[in-house]
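This report covers strand pairing and aromatic contacts in one protein model. The sequence and structure are shown first.

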Amino acid sequence: MTDTLAPTAVPAASAPAYTVAQERKIVTAIPGPLSTELHRRRLAVVSGGVASMLPVYIKKANGAIIVDVDGNQFIDLGAGIGVTTVGHTETSVVAAAVDQAQDFVHTLFTVTPYEEYVRVCELLAEHTPGDFPKKSVLVNSGAEGVENGVKIARKYTGRRAVAVLDHAYHGRTVLTMAMNYKAAPYATGYGPLASDVYHAPSSYPYHDGLSGADAAARTIGYLEKVIGAADLACLVVEPIQGEGGFMVPAEGYLPALQQWCTANGVVMIADEIQSGMARTGKYFASEHFGWVPDLVLSAKGIAGGFPLAGVTGRAEIMDASQPGGLGGTFGGNPVSCAAAIAVFDAIEANNLLGEAQRIEASLTAGLTVLKEKYDIIGEIRGRGAMIAIELVQPGTGDTTKLPNAAAVSAISAYASQHGVLLLTAGTYGSVLRFLPSLALSDALIADALSVIDDAIASL
Ligand SMILES: *Cc1c(COP(=O)(O)O)cnc(C)c1O
């Protein structure tokens with residue numbers, strides 16, 4: 001470990017040396033025999049409440065490729081749900097984590113602190129939107145970040161109510177399962193749900209056709225009538241909704257909500273857990289919409305796969321909490337923090353904002369060709385390496401836009417059989433989402449899209 005944690009001049013990785021050939025290769029049935037055997041063991045001891053999309057067991061991952069125990073290589077378009085944004089086993093991130101693990105793995109920041117935690121908070125203050133003093137707290141998971149954002153907003157405002165938007169996803173803890181739009185599978189049977197959580201209408205331009213101003217007026221109307229600003233602590237919003245189906249809000253929607261929140265003393269929180277950390281071609285997706293949130297939640301991509309989350313925002317809001325009110329045993333783990341510092345460095349050194357823009361251009365060009373060919377592709381949307389297609393029933397795309405979940409399942413299943421790991425999403429299960437690592441080359445994009453083309457043709 002170097003003397004200082006300040007960013008060092010890392011040579012640009014012009015030709016990254018991969019330890020796994022960046023290619024798709026299927027050598028057994030999917031799942032193969034070794035995966036099948038592991039799955040048999042798993043069924044005996046792993047809770048049935050934990051599902052796996054594809055029961056192939058992973059042996060190695062590098063760049064944009066994951067390799068299973070049977071030697072099959074998949075183009076990974078999911079990146080562990082947007083976590084390995086810098087690429088699987090990115091050299092500098094792995095090295096930073098190994099170095100840190102050799103120095104020390106844990107002390108607990110609330111017992112004896114360390115520089116790595118402070119450095120991550122400096123980087124978050126620097127790179128989250130807004131030019132004002134900011135502070136952070138580091139925790140372990142996205143949902144824990146959401147929980148802390150709500151706690152911090154309640155403490156600062158002295159108010160009780162939490163508002164979220166339709167189609168939102170915020171986690172699986174007792175509070176956050178009440179904040180999701182879909183009950184199933186996240187909340188079914190796990191009630192009673194947390195109280196004082198309200199679900200306001202969102203902006204979903206493909207279906208509601210509303211301008212940003214009109215959609216914001218509808219949301220604000222709900223907040224004022226159903227809750228009342230005087231009781232509202234916070235409004236929690238994903239700038240581009242993740243699990244809901246990568247909905248990009250209409251122009252002006254988010255700034256209008258922030259303006260209303262500011263005028264009414266409501267803390268507006270950007271849940272950037274999926275959309276943040278270079279994923280969309282900006283450090284944080286809020287920047288695409290001219291939105292400067294009061295608090296920003298980051299997690300998934302922040303530490304290259306190590307568990308870490310942050311709540312970052314206006315210093316006066318973050319400081320309203322009493323000493324000891326925030327924290328937890330593993331929050332801001334040193335190894336995760338060292339990895340996160342390396343991720344911030346890699347974003348600069350490897351021009352990852354540019355790489356996300358390249359992926360957007362390459363993916364949307366290819367998907368546009370498919371959209372012209374197949375009328376079940378209703379819409380292509382998203383930013384950077386967060387792109388989705390919404391599938392509709394044949395012939396309904398220009399009018400009723402009826403969801404086509406069956407096609408989504410069939411395409412995803414076909415793709416995985418052919419070495420492409422493709423995630424689904426959407427309130428109605430009708431969205432295929434592309435959430436790759438930024439190491440995904442244009443050649444791999446073309447190859448993956450040819451598989452998806454075949455998959456749609458086979459329907
Ligand atoms: C994944 C996700 C969460 C929850 O994060 P976990 O680390 O799974 O708890 C919350 N919000 C958004 C937008 C997410 O994508």
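Strand 4 (residues 134–139) runs antiparallel to strand 10, and six bridges join the two. The model is a predicted one. Within this pairing, valine 139 is placed opposite alanine 309 of strand 10. Strand 10 also pairs with strand 9 (residues 295–298), again in the antiparallel sense, over four bridges. Here leucine 297 faces valine 311 of strand 10. Strand 10 itself spans residues 309–314 and is mostly covered, with five of its six residues buried.

Turning to the rings, six aromatic pairs are found in the whole structure. Phenylalanine 109 and tyrosine 114 form an edge-to-face pair, because their planes stand at 85°, over the 60 degrees required, with the centres 5.4 Å apart. Phenylalanine 109 counts as partly exposed because its relative accessibility is 23%, whereas tyrosine 114, at 8%, counts as buried. Tyrosine 114 also forms an edge-to-face pair with tyrosine 117, and both of these tyrosines are buried. Phe104, Phe109, Tyr114 and Tyr117 make up one aromatic cluster.

The two edge-to-face pairs described above are listed here.

| Pair | Centre to centre | Angle between planes |
|---|---|---|
| Phenylalanine 109 and tyrosine 114 | 5.4 Å | 85° |
| Tyrosine 114 and tyrosine 117 | 6.4 Å | 75° |

Lysines also lie over rings. Lysine 134 is over the face of phenylalanine 132, 5.5 Å from the ring centre. The charged end of lysine 401 is positioned over the ring of tyrosine 206, at 4.5 Å from its centre.

Notes: Residues are numbered from 1 along each chain as its sequence is written. This is a predicted model: local features need pLDDT of at least 70, side-chain atom pairs count only at pLDDT 80 or more; totals for chains, interfaces and linings use all residues. Side-chain values use heavy atoms; hydrogens and water are left out. Buried means under 20% relative accessible area, exposed over 50%, partly exposed in between (1.4 Å probe, protein chains only). Two strands pair if DSSP finds at least two bridges between them. Rings of Phe, Tyr and Trp (its six-membered ring) pair if their centres lie within 6.5 Å; planes under 30 degrees apart count as stacked, over 60 as edge-to-face and the rest as tilted. A charge sits over a ring if NZ of Lys or CZ of Arg is within 6 Å of the ring centre and within 35 degrees of the ring normal.
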